[in-house]
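Dear colleague,

Please find below the structure that I am handing over to you.

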Amino acid sequence: MSPGRRWRRCVRSAGFLFAASAALLLGSTVALFAWLTFSPFPKPLPLSPSSASGCRPDGEGSWSIGLFYGDSPFSLKPIEFWNVWDNETAAWPVANPVVTCASATDAGFPSNFVADPFLYIQEDIFYLFFETKNSVTLQGDIGVAMSKDKGATWHHLGIVLDEEWHLSYPYVFSYQDLIYMMPEGSDKEDLRLYRAVNFPLRWTLEKVILKKPLIDSFIINHQGYFWLFGSDFSSVGAKKNGELEIWYSSSPLGPWKPHKQNPVRNMDKSLGARNAGRPFTYKGELYRPGQDCGGTYGQRIRLFKVKVLAKDEYKEVEVPLGLDEPQKGSNAWNGARYHHLDVQQLTSDQWVAVMDGDRVPSGDVVRRLLIGYSAFGAAIVLVILSGVFLSAIKCNLPLSQCLHFSRKRSDVLQSQEHHLQHCSLFRWLCSHLNNMTSLLGGRIRPNTRTGQSILAIIFVVVVSLTCIGTHYVYGGNGAGEAYSLKGHYSQFTLVTMTYDARLWNLKMYVKHYSRCTSIREILVVWNKGQPPNVTRFDSAVPLRIRVEKRNSLNNRFNVDPSIKTRAVLELDNDIMMTCDNIERGFKIWRDHPERIVGFYPRVAEGRPLRYRDEKYARKQGGYNMILTGAAFMDHKLAFERYWSNDAKIGRDIVDKFFNCEDLLLNFLYANASSSRKTIEYVKPSWALDTSKFSGVAISRNTQEHYQVRSECLARFSELYGDLAANKWSFGSRKDGWDV
């Protein structure tokens, strides 16, 4: 038979048609699932060509570095708690993390993650040394960044150590007016000490102080001796991440003598034997941070008070660390683990600390790929089995395909012999599969109700496995990460106005949005009825309920000095959308903090003005209003404008119609702003209006609602000018988020 006829016969076969149909089904399932669950919007463009090569998925994690302050090492709070502001990036306040793979990469040093931070402070300048995993060589190098504003802004200076082997844990200290660094380089099977020759960028090898592959080591001067703490997991009987050794000397340059109890710790990896940063002294007591590697590598930090440190004895007891545990899961920069802490006292007696954190556990990338491809494999196997069950696929291997290897065996023909064995095994599998199919076919027929039920179950399982595979292989780590602006992250307050009839909405709303990365606090403006107790809500952030004296839509914009952030997101509690949508909106607001940035565009046009919805606005090619039921704004700017004397008549109109407070704010921005454009639109990937299910929406009658709003437009235009003079096009920004 010619190849052409063989191909046409194959294409017309039931097996080919079944395989093509199955491939179409699986492909459509993947596309539909991705369309429903993955964000269709691109990430912001990199600042430089080298930026595209950094922050790649890495099996070791996605570590970044945060900054903390406190009145003591046991009362540390993240930088956002201290309301440190940066006007250039609208970071009001600056929030953790302060150093990331993105900030290193944007500075020209491609990095997959940054970890193991150590501070060196000279007067008012902070130098931060850290491990950075090179995105090209996939090797750990030592980088340095500098801050002149006490950690709010960091400038990456470069790579200070790049050896032929992996480096991490850059313990930096001074001795006799010289600055030394002792990084971990256990791949070299020794412990090396480097000296700064041009601090902070140039270092030279001072000496190899110990011929031993110690991990995560530090040196301290305590009670007349220098003590070296480190772990050697290569020694006989050592438990990985559970062993600790101590050495002592009269000088950090050595020679070093082993502690008589070495290893002083050799226990379960969850109990904190492995070092987790710099030790510190507080009120005359020495403390050592250690790693809990129980659930995953570097799961958390445990703190130990050293009770006895002598040449022949060592005792320590665990004490509370004093740090608040992250509550937002993978949406928090340190939600999955944190394993390194360096805390130091400033000349002002305040304490400062740097800590690394990761939003995913160790090996997350490998785990996701393993689960994903296993799900795809199981789906394909079920498709093949269903094809055999339907007799669309015949599992036959002609004997002729293997006969040409049936010859005298010799060492020269070993590969052919192996092929023959594989053929025989495959024929055996086909034979048993066909026998099983015949047996099942005799009892369960596809044209019967039982057979159809089985096929339906297989279909559901195949679709489910395909969705699972798509989620794990292509869905990333599932985190709703924040977007930085020039290396800065920030936070905002979520404000919602509601009343007793919407309580069920509010509970779901609080539980969902409180997990979004950049939300600092949720403020509930309670307009009517008995307010609930905050303990009834599952919130990952502080929740505050402000009870109003009267039921008015103007209460949404009441001036509130208790709001700690400059940005607020006014979001009705019947609107549900993803955290990624919220984070994108916040990023655009930080680009334009003088504007209203929201998710629902509207247009007012005609004579007299008529209120039109988004569908109409898109047909007309533009919008000139943003609904403030889902919008970011500067609360100081917006609320003061709303409660100005000029806006009093407008507020009275809002009370009269119990409507239009959002339209009034749009007019006030357009009338008062020196900027020509006062609004920005951000398209959500999807949004759900839960009021449709509860029947408590203010705007249940759309036609009547639009008539009232059109009347408001006419009244406001007489008071505050023509809003329809400008119209802004969709898709005008480069980020692609306003299409």
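The following notes concern its cysteines.

This is a predicted model, in which local features need pLDDT of at least 70 and side-chain atom pairs count only at pLDDT 80 or more, while totals for chains, interfaces and linings use all residues. Residues are numbered from 1 along each chain as its sequence is written, and side-chain values use heavy atoms, with hydrogens and water left out.

The structure holds three disulfides (pairs of cysteine sulfur atoms within 2.5 Å).

One of them joins Cys55 and Cys101, with sulfur atoms 2.1 Å apart. This link of Cys55 and Cys101 is right-handed, with 120 degrees about the S-S bond. Cys55 is partly exposed at 34% relative accessibility, whereas Cys101 is buried at 14% (buried means under 20% relative accessible area, exposed over 50%, partly exposed in between, with a 1.4 Å probe and protein chains only).

Cys516 and Cys579 form another disulfide, also with 2.1 Å between their sulfur atoms. The link of Cys516 and Cys579 is left-handed, at -80 degrees about the S-S bond. Cys516 is buried at 0% relative accessibility, and Cys579 is buried at 8%.

A further disulfide connects Cys660 to Cys712, with an S to S distance of 2.1 Å. The torsion about the S-S bond of Cys660 and Cys712 is about 80 degrees, so this disulfide is right-handed. Both Cys660 and Cys712 are buried.

Two further cysteines may be noted: Cys293 is buried with a relative accessible area of 2%, and Cys467 is buried at 18% relative accessibility.

Yours sincerely
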